[in-house]
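Biologist: I would like to learn how to read helices and chain contacts in a model. Please take me through one.

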Amino acid sequence: MHYESPVRNPLILGDKSYSDITNDIAKPVESKAPRSWWIAFSIAFVMFLWGVGCILYTIGTGIGVWGLNKTIDWAWDITNFVWWVGIGHAGTLISAVLLLFRQKWRMAINRSAEAMTIFSVIQAGLFPLIHMGRIWMAYWVMPIPNQYGTLWVNFNSPLLWDVFAISTYLTVSTVFWYVGLIPDFAMIRDRAINPIQKHIYKLLSFGWGGKAKHWQRFEEVSLVLAGLATPLVLSVHTIVSMDFATSVIPGWHTTIFPPYFVAGAIFSGFAMVQTLLLIVRKIFKMEDYINIEHIEMMNIVIMVTGSIVGVAYITELFIAWYSGVEYEQYAFLNRATGPYWWAYWAMMSCNVFSPQFMWSKKLRTNLVFTFIISIVVNIGMWFERFVIIVTSLHRDYLPSSWSMFSPTFVDIGIFVGTIGFFFVLFLLYARTFPVIAQAELKTILKSSGENFKKHHDEHGAH
Amino acid sequence: MSAADAVAYGVEVKAQSNGSMNGNTINITVDGTTLENVPVWIQPGQTQGSIGLAVGFGRTEAGKVGNNVGVNANSLLAPAVSYAEATVVATEVEHGFASVQLAHTMMGRKIVNEINLPTFLSGNAKEWNEKPTFESYKGPLTSFEANLWDDQDHETSHMWNMSIDLNSCTGCGACVVACSLENNVPVVGKDEVRRHRDMHWLRIDRYYSSDMTKEVAEEEGVGAIEKYAKMEVPSESPSVVFQPVMCQHCNHAPCETVCPVGATVHSREGLNHMAYNRCIGTRYCANNCPYKVRRFNWFNYQVNDKFTDVNPSQDDYGRMVLNPDVTVRARGVIEKCSLCIQRIQLGKLEAKKDGRQLTDGEFTTACAQACGSGAIVFGDVNNPKSEVSHLKQEERAYHLLEEVGTQPSIFYQTKVRNRA
């Protein structure tokens, strides 16, 4: 039996038994949806439909319905793409990297974090598709043997690397997530009374029997997948950053981008996990499982990655000055003081200044404050991508082509639509999937559960 | 109207958040006749206290292109009166301008190289036409020597180059018109031009000089933020330069590497090709183009209702104006200058049929053909007798943004002005 020092705070609060955990986690799936769920779902669904309408309008009429022009050929589309990919980063970090580092606190949050990852990568994946002028030719980015003779994809292009990076990430994350779900689906299957529900969960749980051999295979495959997923945490956003870093545009052509984008992605991903879990734990009454300890841990990650991002911003400014390249110098000066100064300072205050509050223990254990900061961080990270993309493009080498960008209702509609789509998926998930990896959580109950820890302290470990 | 007068009358021309320009209008009264809602454009170099108003606008019987554009200045002119006193009153009415260029100055960058006559006569071209160099383990290299890649073979076949003499260019725009006609460049109308979506393959950049320069800033100790802000403002009495810019046909093209499907590729003849039917429209190439010459088909200009009034190719009669040798591009693809590839191919085929070598000047591009001052010269630099190969050796020759390392096939000739 794993022994945990009494100085560590318990990860599961209250006097819980295995059966309590099962009951608590299966409850949202087995009970009727509360009115608040229906309200939230309806709002999200309307937003989603609005987005679908805007996407169909774009595909039917042309990219001209967006606010782009001859100088700024990417704006909200790629901003949203990078933003959603970034959000999708925390899930794999929590489930894979923290698994390898044996961080037990991840167990309460990994399921939802991974769900969030998959749902946000789906949103992200939409943008590279719909931003194409001819989406019906999108399959040309795949290296598929074809009847055109020697016609092949261009392996020099970072956009092609993106195709591979994002699709690999989505696949591995989904498999990893699903494997973890199997014992939990089996748990719901065993408890289900409704025959249809029972049948569905029977199919989903792949005939899980809870035998020792099953558990052994489960552990093995989890570890292998964690090993596979860990490099992806670094590679996906590294490759996304190369969309910019390998270009010649001042403000994009920056070698610092890969680590800086990865840190930013983890930063925004954790902020989104924080936003979602603060709501989930409240509505589903899971405060005992996702407690202050977890929230504080995540706040520390947000603070550290936010500071890394801040260092990166300052390094960029320094290197622009140090490089002696006038285009580079102007690009960064223009970011901070040009027509889009407000976007730059929104980014700076949301991403660099706001996480610094988390140095205070009082603030990082305050739920309301955490919730506000988690939203502020995601607004800031959206602005970061907007600043990088639009302010670099709008004034590049030749002043004759300098321009400005302003979004149309379609740009806004599609963005709102993806937020709606994300919440549609997340809300459906919250009603039908066990939102906490209960099978995993049970493995730490006797070492990190509050009652058991207390028992150990009083009677000594046996 | 000059900038100082604009302040005095309380009129402005302002860039909008989407890149278009809006300005105030004025009422002009001469001898009791009032011309209402005249749009005001602030023109650097306009003498303070004067207004320039072009005649020939405000027509009513000119057809669908010319009707109701601008105001009729003739109505202010009484017969046989060449000057009169005018009163000007600003109005509340706004006017939307179709302007393809928002920035007026070169921001102290080396874009249009310009020297004065004494400097030119000094003969020290190494100094006044200094080539950017890159430090390397082999010592300083020019952008044509500093290569990360293996070069294509540019010796065996033709190597098409173009020389544009900034001394001869008057900025008349004939090349732009010729190019648009030759290459079926879509007409998109004022509304789209206001959104900076003009489709021109060839444009004429115009820059005014500014009172603030790097030298002045250094002398007066002006900080960087203030320096750049002031550099954006053209002088009261500026000198003006023009520069035709089209695809520079870079031999190390930033657009070619980034296309995921290889829709834009390089030819052995120094051309940057665009395969429309392979393009999926990611627009990455346009973003990565340092010269911003790539144009995207935002709409289906041949069918979309929005363009019925402006695009002649929407009816059978208007379609007869299209050049049958050039593809009409579909929605969602990028297009750009091809250096009139249809003419090159035709010329090569004719020569092949006749079983002879190509001669210099046998064919040329539409822009070069239209240029009244002979500023644009097109040809094969692998033919040592060609005019363009001589021009390439000129001491005035330079490449635009050479320091980016793009190795363009287009080069410019430094402008020489006869003044101190």
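**Reading helices and a chain contact**

Modeller: This is a predicted model. Start with helix α9 of chain A: 21 of its 27 residues are buried, so α9(A) is largely enclosed by the rest of the structure.

Biologist: How are two packed helices described?

Modeller: By the angle between their axes and the distance between the axes. In chain A, α1 (residues 18–30) packs with α16 (residues 438–448) at about 150°, the axes being 10 Å apart. Angles over 145 degrees count as roughly antiparallel, so α1(A) is roughly antiparallel to α16(A). Their crossing is right-handed.

Biologist: Which residues make the contact of α1(A) with α16(A)?

Modeller: From α1(A), they are Tyr18(A), Ile21(A), Thr22(A) and Ile25(A); α16(A) supplies Gln438(A), Leu441(A), Lys442(A) and Leu445(A). Sorted by class, this contact has 5 nonpolar, 2 polar and 1 charged residues.

Biologist: Now the chains. How many residues does the contact take from chain A and from chain B?

Modeller: Chain A gives 45 residues and chain B gives 49 residues. On the side of chain A that touches chain B, the elements giving two or more residues are α6 (158–191) and α11 (326–337) of chain A. The largest share, 4 residues, comes from α11(A).

Biologist: How do the residues on that side of chain A divide by class?

Modeller: Into 23 nonpolar, 17 polar and 5 charged.

Technical notes:
Residues numbered from 1 in each chain as written. Chains lettered and ligands numbered in written order. Predicted model: local features only at pLDDT ≥ 70, side-chain atom pairs only at ≥ 80, totals over all residues. Axes fitted to C-alpha atoms, helices over the stretch in contact; angles between N-to-C directions. Parallel < 35°, antiparallel > 145°, perpendicular 65-115°, else oblique. Left-handed = near helix turned anticlockwise from the far one by under 90°. Contact = placed C-beta atoms within 7 Å. Nonpolar A, V, L, I, M, F, W, Y, C, P; charged D, E, K, R; others polar. Buried ≥ 20, exposed ≤ 12 C-beta atoms within 10 Å, placed from the backbone.
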